[in-house]
Amino acid sequence: MTMSEALRPTGKAEVLETWNGEAVQARAVPVLPVERFRAVVLEVLRAGGRLSALFGRPLGDRVLLTAVLADDPEGKLGLLSTEVAGAYPSLSSEAPAAQGFEREIAEQWGIRPEGHPWLKPLRFEPPLRAAPDAFGRKDPRATIPGEYPFFRVEGEEVHEVAVGPVHAGIIEPGHFRFQCHGEKVFHLEIVLGYQHRGVEALLRGGPDRRSLALAESIAGDTSVGHGLAYVKAVESLSGRSDAARAMALRGVGLELERVANHVGDLGALAGDVGFLPTASYCGALRADFLNALAEICGNRFGRSLLVPGGVKFDLRAEEARALAARVRASWQKVKGAVSLLFESPSVRARFEGTGTVSRETALELGLVGPSARASGVDRDIRRDHAFGIYRFVHVPVTTAESGDVLARALVRSLESERSVEFVASQLENLPEGAVRTPELPVGPLAPGALVVSLVEGWRGEIAHVAVTDQRGRFERYKVKDPSFHDWLGLAMALRDGQISDFPLCNKSFNLSYAGHDL
Amino acid sequence: MIDILKFRLGYGRQTVAFPEGPARFPGRFRGRPVVDASRCGDGCAACADACPTEAILDPGKAAMKIDLGRCLFCGDCATACPPGAVVFGNDHRLAARSREELLVSKDEPVLAAALDEKARKLFGRSLKLRQVSAAGCNGCEAELNATGNIQFDAGRFGIQFVASPRHADGIVVTGPVSENMRVALLKTYEAVPAPKLVIAVGACAISGGIFRGSPAQHDGAASALAGIPVDLYVPGCPPHPITFLDGMLRLLGRLG
C-alpha cells in the first residue's frame with residue numbers, strides 16, 4: 001500500500017504532499033492535534049511508508065514537530081506537524097524507526113516522548129532552549145559516557161566489554177558496550193556524540209559564505225553527498241536550477257564518491273578477515289577514484305566541486321574522455337582484486353552468516369542504503385525520489401537477500417560496478433553548455449518556505465530540511481545522515497553473534513560518526 | 001593461490017616515487033597559495049569576503065597574509081580575485097612548526113624545521129603514533145589511513161600508527177576537538193610515555209577550521225590541550241597524504 005492509499009480515508013488535508021526538492025510554504029504544512037499527528041504517522045509507517053525525518057523547531061514556548069514521510073513507490077513526500085509542550089506520547093513505542101529522532105528532539109528541545117522504549121541521550125548535545133532536561137539529568141552537559149544508563153545483562157557468567165571512544169585504528173570516536181557470555185554477544189549498545197561540533201547551529205541564519213563548506217564537512221567521506229543535498233535545497237529555495245552539464249558532473253561526483261568508499265571498504269573487509277591481497281590492492285585502488293574526483297575539482301574528497309546553480313569546474317571533451325577511460329581501467333583492476341576475495345572459500349566462510357540483519361528488522365528500524373538493500377529492502381533515492389541527472393538516467397538498484405556481511409559486501413561491489421558504468425558513460429556523453437547558471441549572489445531565498453532535499457549518498461538516504469524565516473534566512477536547517485538510521489542496524493547485527501566478529505560487522509556497515517553526531 | 005600470484009605479478013609496484021622521486025598531483029590540485037598584495041585593488045577585500053574561514057588577514061594591504069591553519073584550500077578567494085593577488089600553486093609542502101609560520105605572505109615558504117638532535121635520535125628511525133579523532137569529519141582520518149597503504153607506505157620511513165597510546169611516541173590529532181572528546185583526548189595524551197610529540201592535522205585541529213567559534217568545540221588541539229605544545233601543524237582540508245609525509249619527514253630531519 002502506498003502513502004496516498006493509506007491516507008485516502010482521512011483526506012489529504014492532514015498531510016501536505018510534496019516531492020524531493022520542491023519548496024513549499026512552511027505555513028501550508030498542516031498542524032494536527034498530537035493524537036491525530038501520531039495516528040497519521042503510524043498509519044503511513046504501517047502501510048509501508050518511511051520516516052525520512054522528524055524534527056522540532058521553537059514556536060513561542062512550545063515546539064513544532066514536523067514529520068517528513070516518504071512514499072518510495074510513488075516518489076512522494078508527506079509533511080505534517082504538531083505542537084507539543086513538555087511531553088507527548090511517543091511514536092517509537094509503536095514504530096522503532098522513530099527512536100533516534102525522538103531522542104534527538106528530547107535532547108534538543110526538552111520534549112519528553114512518553115513511553116519511548118529507549119529514552120537515552122543521543123549525542124550529548126547542549127539543549128537548544130531553556131527547558132527541564134527530558135532525561136531527568138542533573139547536568140545535561142555531563143561528559144559522555146559517564147552518566148549513560150547502559151542496558152545491562154545480569155548473570156554470574158555475563159561480562160561486559162567496553163570499547164572506545166579512542167579505538168585501535170584510525171577511526172572516528174564512539175563507545176561500544178557489549179554484554180557477553182563468553183564470545184557470544186547478548187547485546188551491543190552504541191553510544192555516540194563524541195563528534196558533535198554543532199553543525200545545525202552553525203547553519204542557522206545562513207546561507208552565508210560558510211554554509212556550503214559546512215555541509216561538505218558534515219561527513220568528510222560524503223562531501224559530495226551532503227554538499228549536493230545542500231546546494232539542491234538552496235536552489236529550490238531560490239528558484240534556480242542546475243545546468244544540464246552540471247547535472248551530469250554532479251552525478252559523476254556523487255558516484256565516484258560512492259565507488260571510492262565501497263572499494264576502500266571492500267579492501268578493509270578483506271583486511272578484517274586477514275585476506276591481504278585484496279586488502280592491499282583495494283586500499284590503493286580506492287585512490288584511483290579519489291584522484292578521479294581530484295582531476296575534476298582539485299580535491300580527493302570532492303570538496304569545492306559544487307556551487308548553488310552548478311559545479312565550479314568543467315572538463316574539456318578530451319579530459320572527460322581520458323577520465324572515463326581511466327575510471328573504466330581502474331574498475332577492471334578492482335574487479336580482479338574483488339573476485340579474488342569473493343572466490344576465496346575461507347573469506348566466504350567468514351562472511352556468510354555473519355552479522356545478519358533480517359528483512360523484518362531492516363524494515364522495522366527504517367534502515368537505508370546498502371545496509372537496507374543487503375537485507376532485501378529495495379530502496380534507493382536515486383530511483384524512488386529521483387533528482388538531477390537521475391531523473392533522466394537510471395542506475396539499476398542492487399539488492400541481496402541474506403542480510404549478512406557477504407550480502408553487504410556483494411551489494412557494495414555490484415552497485416559500484418553500476419556506478420562506474422554510469423560515470424564513464426556520463427563523461428563520454430557530457431551535455432553541451434555551461435557548468436553553472438549565470439552567477440547570482442546566493443539568496444535571498446524564498447521567505448517562510450520549507451524544502452526537503454534528499455540524496456542517495458554512498459551510505460543511503462541523506463535528508464536536509466531547510467526552513468526559512470521571513471527574511472529568507474535559515475530558521476532551521478535539519479540534517480539527517482543515513483547513519484542516523486543504520487547504527488541500530490549494526491547493534492542488531494551483533495546480537496547473538498561473536499564479539500570477535502565485531503570489527504568485520506562494523507566495517508561492512510562503515511557508518512558515519514560525524515554524520516550522526518553533527 | 002595461482003590466481004592470487006598471477007594477479008600480484010600483473011599489479012606491479014604501487015608505491016609513490018616520493019620522496020626520492022617527484023610527488024605527482026592532479027593538475028587542479030590546490031597546494032600552497034601565493035600572495036601578491038601588489039596586485040590588490042584599492043581597499044579591495046573580495047578574497048576575504050569569499051573565504052569561509054576568515055583565513056585572509058589584512059586583505060588589500062601590503063601586509064596581506066593567508067593563514068594556512070584556517071585555509072580550506074577551497075580556492076574561492078582566488079576565484080574572487082581576477083588580478084591574481086591570491087593564486088594556488090601545487091606546492092604540497094605546507095607543514096610548519098609554529099602557528100606563526102603558517103601565515104603566508106609573499107616571502108619564500110617556511111618549511112618545517114627538524115626536531116633537535118636528541119629527539120631525532122629517539123624518533124628519527126622509528127616513530128609510533130596514536131591517532132585521536134577529536135570530532136574530525138573523517139576526511140583527515142581517511143587521508144591518514146591512506147598514508148599507511150601500499151601507495152604512500154609511511155611504514156618504509158618507520159612511521160606507523162599503533163593501537164595503544166602506551167606504545168606510541170606521540171599523538172596525531174584531527175578535528176576541532178569537540179567538548180565531548182576533550183577528556184578522551186587529554187587522557188590519551190597523558191597515556192603516552194614522555195618524551196612525546198603532538199601533531200595537529202587539518203584545518204580543524206589547527207584552528208577549528210570551518211567549525212571555529214562553535215561552542216560545542218575548542219578551536220583545535222592547541223587550545224584544547226592548553227599548555228601542551230604542538231610540535232607540527234599539517235594544514236589542509238584534508239591534507240594530502242604526501243603533505244603529511246613531507247611534514248613528518250622534515251620534522252624527523254629526513255628531508256633536505
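In helix 5 of chain B, the buried residues are Gly139(B), Cys140(B), Glu141(B), Ala142(B), Glu143(B), Leu144(B), Asn145(B), Ala146(B) and Thr147(B). A residue is termed buried if 20 or more other C-beta atoms lie within 10 Å of its own, exposed if 12 or fewer, and partly exposed in between, with C-beta atoms placed from the backbone. Nine of the nine residues of helix 5 (residues 139-147) of chain B are buried, so this helix is largely enclosed by the rest of the structure. The structure is a predicted model, in which local features need pLDDT of at least 70 and side-chain atom pairs count only at pLDDT 80 or more, whereas totals for chains, interfaces and linings use all residues. Residues are numbered from 1 along each chain as its sequence is written, and chains are lettered from A and ligands numbered from 1 in the order in which they are written. Helices (H or I, at least four residues) and strands (E, at least two) are DSSP runs, numbered from the N terminus.

The cover over the buried residues of helix 5 of chain B includes helix 8 of chain A, together with strand 6, strand 8, strand 9 (197-201), helix 7 (202-207) and helix 9 (241-251) of chain B. Contact here requires that the C-beta atoms of two residues, placed from the backbone, lie within 7 Å. Strand 6 (127-133) and strand 8 (170-174), with helix 8 (221-224) of chain B, are also among the elements that cover the buried residues of helix 6 of chain B. Those buried residues are Glu179(B), Asn180(B), Met181(B), Ala184(B), Leu185(B), Thr188(B) and Tyr189(B). Helix 6 (residues 179-191) of chain B has 13 residues and spans 19 Å from its first C-alpha to its last, close to the 18 Å expected at 1.5 Å a residue, the expected span being 1.5 Å times one less than the number of residues.

The contact between the chains takes 47 residues from chain A and 49 residues from chain B. On the side of chain A that touches chain B, at least two residues each are supplied by helix 4 (199-203), helix 5 (211-216), helix 8 (276-297) and helix 9 (317-343) of chain A. Helix 8 of chain A provides the largest share of that side, ten residues. By class, the side of chain A that touches chain B comprises 26 nonpolar, 14 polar and seven charged residues; Ala, Val, Leu, Ile, Met, Phe, Trp, Tyr, Cys and Pro count as nonpolar, Asp, Glu, Lys and Arg as charged, and the others, Gly among them, as polar.

Within chain A, the axes of helix 7 (residues 244-272) and helix 8 come within 7 Å and cross at roughly 165°. Axes are lines fitted to C-alpha atoms, for helices over the stretch in contact, and angles run from 0 to 180 degrees between N-to-C directions. Helix 7 and helix 8 of chain A are therefore roughly antiparallel to each other, a term for angles over 145 degrees. The residues of this contact divide into 16 nonpolar, six polar and two charged.

Helix 15 (residues 483-494) and helix 16 (residues 502-509) of chain A pack at an angle of about 150°, with their axes 10 Å apart, and are therefore also roughly antiparallel to each other. Asp486(A), Gly489(A), Leu490(A), Ala493(A) and Leu494(A) of helix 15 meet Phe502(A), Cys505(A), Asn506(A) and Phe509(A) of helix 16. This contact has six nonpolar, two polar and one charged residues.

Notes. Angles under 35 degrees count as roughly parallel, over 145 as roughly antiparallel, 65 to 115 as roughly perpendicular and the rest as oblique.
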